[in-house]
Structures are given as structure tokens and as C-alpha cells.
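Look at the sequence and the 3D structure below. The briefing that follows goes through them topic by topic.

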Amino acid sequence: METNTKKIRIESRDHSYVDGDRVRLYVNEKVIRSNIILKSGFYVVDIVLKEGFNRIDIEALNQGSS
């Protein structure tokens, strides 16, 4: 997807039962948050984008306990 915006906001949470789910967030192949613990409320990350293509990856570190 292409965009002309200079920044984005990513909001993440545990959609179901809060059971210890953890994720890692990368922007342009660099770790910007290494251990986000998902809870019932949103964890918010504001990201300033570079001009041109930006790659955003979210890596699941575990599956929680449920």
C-alpha cells in the first residue's frame, strides 16, 4: 500500500483472554519495540515514516497460555 502520510499509529492489544501474549515490532527491518506484552488496553506506538517504501513487521514471540 502506498501513502503520503509522514507518520502512523499502531495500536495493539490482546483481543481475547489476557494470557501473556508478546510481540516484537520492526520498522524497516530494525527492532523498535523488542517485547510488547499485550493486555486488554491498547499499547500505542507512533512511528515516523521515511519517504518512500516502509516495511512494518510484527513478530509473535509466544502464543500466551490459552
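Is Glu29 buried or exposed? Glu29 counts as exposed, because its relative accessibility is 60%; buried means under 20% relative accessible area, exposed means over 50%, and partly exposed lies in between, with a 1.4 Å probe and protein chains only. The model is predicted, so local features need pLDDT of at least 70 and side-chain atom pairs count only at pLDDT 80 or more, while totals for chains, interfaces and linings use all residues. Residues are numbered from 1 along each chain as its sequence is written, and side-chain values use heavy atoms, with hydrogens and water left out.

**Overall picture**

- The protein has zero helices and five strands, where helices (H or I, at least four residues) and strands (E, at least two) are DSSP runs numbered from the N terminus.
- Along the sequence the pattern reads β-β-β-β-β.
- The C-alpha trace spans about 40 × 20 × 20 Å along its principal axes.
- Of the 66 residues in the protein, 23% are buried.
- Among contacts with a separation of 6 or more, 70% are between residues 24 or more positions apart; contact means heavy atoms within 4.5 Å.

**The three-stranded sheet**

- Three strands form an open sheet in the order β3-β2-β5, with antiparallel pairing; two strands pair if DSSP finds at least two bridges between them.
- β3 (30-37) and β5 (56-60) stand at the edges with a single partner strand each, so one side of each has no neighbour in the sheet.
- On average, neighbouring strands of this sheet are turned by 20 degrees against each other, direction ignored; the axes are lines fitted to C-alpha atoms, for helices over the stretch in contact, and angles run from 0 to 180 degrees between N-to-C directions.
- Strands of a sheet pair through backbone hydrogen bonds, either parallel or antiparallel.
- The antiparallel pairing of β2 with β3 runs over five bridges, and that of β2 with β5 also has five bridges.
- Val27 faces a residue in each of two strands: Lys30 stands opposite in β3, and Ile56 stands opposite in β5.
- The bridge partner of Val23 in β3 is Ile36.

- The hairpin of β2 and β3 has two residues between the strands.
- Phi of Asn28 is near 50 degrees, which is a positive value in a residue other than glycine.
- Glu29 also has a positive phi, near 65 degrees, and is likewise a residue other than glycine.
- Asn28 counts as partly exposed because its relative accessibility is 25%.
- The C-alpha atoms of Glu29 and Phe42 are separated by 23 Å, and the two residues are 13 residues apart along the chain.

**The nonpolar core**

- The largest nonpolar core has nine residues: Ile10, Val23, Leu25, Val27, Ile36, Leu38, Val45, Ile47 and Leu49. A nonpolar core is a set of buried Ala, Val, Leu, Ile, Met, Phe, Trp, Tyr and Cys residues joined through side-chain atoms within 4.5 Å.
- Two or more residues of this core come from each of β2 (22-27) and β4 (43-48).
- β2 gives the most to this core, with three residues.
- Apart from neighbours within four places in sequence, Val23 is in contact with Ser34, Asn35, Ile36, Leu38, Ile58, Glu59, Ala60 and Leu61.

**Ile47 in the core**

- Ile47, one of the core residues, lies in strand β4.
- At 5% relative accessibility, Ile47 counts as buried.
- Not counting residues up to four places away in sequence, Ile47 touches Lys6, Lys7, Ile8, Ile10, Leu25, Val27 and Ile32.
- From C-alpha to C-alpha, Ile47 and Ile32 are 9.3 Å apart in space, and they are 15 residues apart in sequence.
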